[in-house]
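Thanks for coming, everyone. Please take a look at the sequence and the model on the screen, and then I'll walk you through it.

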Amino acid sequence: ETCSACSGPTDCISCTFPLALHDGRCSIACPAHFFKFRDGDEYVCTECDASCGDACDGPSDDQCASCRPSSYLHESRCVETCPESFYGDAAERKCFRCDASCRNCVAPGPTSCIDCPDYYKLENSTCSFYCLPGTYNDGASTCSPCHAGCVNCYGRPKAIVWRARSPDTCPTADACRRVRRVTTETTRRGCA
């Protein structure tokens with residue numbers, strides 16, 4: 001006997017524990033798109049939110065456990081497209097976080113980027129660190145400002161190449177000498 005109370009020979013109105021009531025029948029599990037909900041001392045099968053797929057943990061749109069084929073599961077919600085910094089896995093129908101070097105991506109790993117965060121540039125689906133004009137990479141993946149007398153500067157720590165506004169505004173005489181050894185073109189423009 002599975003019914004604890006019934007309204008006819010085949011219509012249950014409540015079920016014995018731990019069975020759940022669904023459409024007048026008692027069963028151990030609820031059908032697709034329903035979840036087992038405890039109502040007092042009894043279980044009833046309650047419908048998932050319409051945005052969810054076949055499984056959920058509650059009636060709200062933020063309690064989905066699976067999604068329909070046209071959407072992806074992200075933080076227990078079904079979304080049509082994954083948010084920034086996530087990509088949609090077509091097989092699992094879930095959103096997964098992109099590699100930390102990518103702003104947006106199409107798959108896992110650092111070689112699947114389609115957009116990069118600030119101070120990174122996209123080359124062959126990979127984001128590489130770079131600095132904006134007027135700054136230089138100080139070697140710690142941060143950009144430091146050029147000397148005030150420079151339009152631009154390039155380089156690594158202790159090997160900075162400067163392009164001065166005029167020969168008189170070189171940051172130091174030593175910097176000018178260092179640049180002159182690098183290329184003859186730079187000496188014609190002053191610092192670099």
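Which side chain meets that of R103 in a salt bridge with an N to O distance of 3.9 Å? It is the side chain of D115. Keep in mind that this is a predicted model.

Now the accessibility. R103 has a relative accessible area of 22%, so it counts as partly exposed. D115 is partly exposed too, at 29%.

R103 has another partner. It also forms a salt bridge with D118, and here the closest N and O atoms are 3.3 Å apart. This pair again links distant parts of the chain: R103 is in the loop between β10 and β11, while D118 is in the loop between β12 and β13, 15 residues apart. Is D118 buried or exposed? It counts as exposed, because its relative accessibility is 57% and the cut-off for exposed is over 50%.

How many salt bridges does the structure hold? Three. The side chains of R77 and D61 meet at 3.0 Å, N to O. That pair links distant parts of the chain as well, with R77 in strand β8 and D61 in the loop between β6 and β7, 16 residues apart. R77 is partly exposed, with a relative accessible area of 36%. D61 is partly exposed, at 35%. As background, side chains of opposite charge can pair when their charged atoms come close.

On to the nonpolar cores. Which residues make up the largest nonpolar core? There are eight: F35, C48, C52, C56, C64, C67, L73 and C78. Zoom in on C56. Leaving out residues up to four places away in sequence, C56 touches F35, C48, Q63, C64 and A65. Another core lies apart from the largest one, and it has seven residues, including C102, C105, C113 and C127. The general rule is that, in soluble globular proteins, nonpolar side chains tend to be buried together.

Next, strands. β1 covers residues 3–6, and it pairs with β2 in the antiparallel sense over three bridges. Look at A5: its bridge partner in β2 is S14. β1 and β2 form a hairpin with five residues between them.

Now move along to β9 and β10. They pair in the antiparallel sense over four bridges. What stands opposite Y87 in β10? That is F96. β9 and β10 also make a hairpin, with four residues between the strands, and there R93 takes a positive phi near 55°.

Stay in that loop for E92. It lies between β9, residues 86–89, and β10, residues 94–97. E92 counts as partly exposed, because its relative accessibility is 46%. Now compare sequence and space. E92 and C67 are 25 residues apart in sequence, and their C-alpha atoms are 9.7 Å apart.

Last topic: backbone details. First, the background. Most residues other than glycine have a negative phi, and most peptide bonds are trans. With that in mind, here are some places to look.

Where is there a cis peptide bond? It joins F17 and P18, with omega at about 5°. P18 is in the loop between β2, residues 12–15, and β3, residues 20–22.

Then D23. Its phi is near 50°, a positive value, and it is not a glycine. D23 is in the loop between β3 and β4. It counts as exposed, because its relative accessibility is 68%.

And S76. Here phi is positive too, at about 65°, although S76 is not a glycine. S76 is in the loop between β7 and β8. With a relative accessible area of 33%, S76 is partly exposed.

To recap, then. The largest nonpolar core has eight residues. And a cis peptide bond joins F17 and P18. Over to you for questions.

Notes
Residues are numbered from 1 along each chain as its sequence is written. This is a predicted model: local features need pLDDT of at least 70, side-chain atom pairs count only at pLDDT 80 or more; totals for chains, interfaces and linings use all residues. Side-chain values use heavy atoms; hydrogens and water are left out. Helices (H or I, at least four residues) and strands (E, at least two) are DSSP runs, numbered from the N terminus. Buried means under 20% relative accessible area, exposed over 50%, partly exposed in between (1.4 Å probe, protein chains only). A salt bridge is a side-chain nitrogen of Lys or Arg within 4 Å of a carboxyl oxygen of Asp or Glu. Two strands pair if DSSP finds at least two bridges between them. A nonpolar core is a set of buried Ala, Val, Leu, Ile, Met, Phe, Trp, Tyr and Cys residues joined through side-chain atoms within 4.5 Å. Contact means heavy atoms within 4.5 Å.
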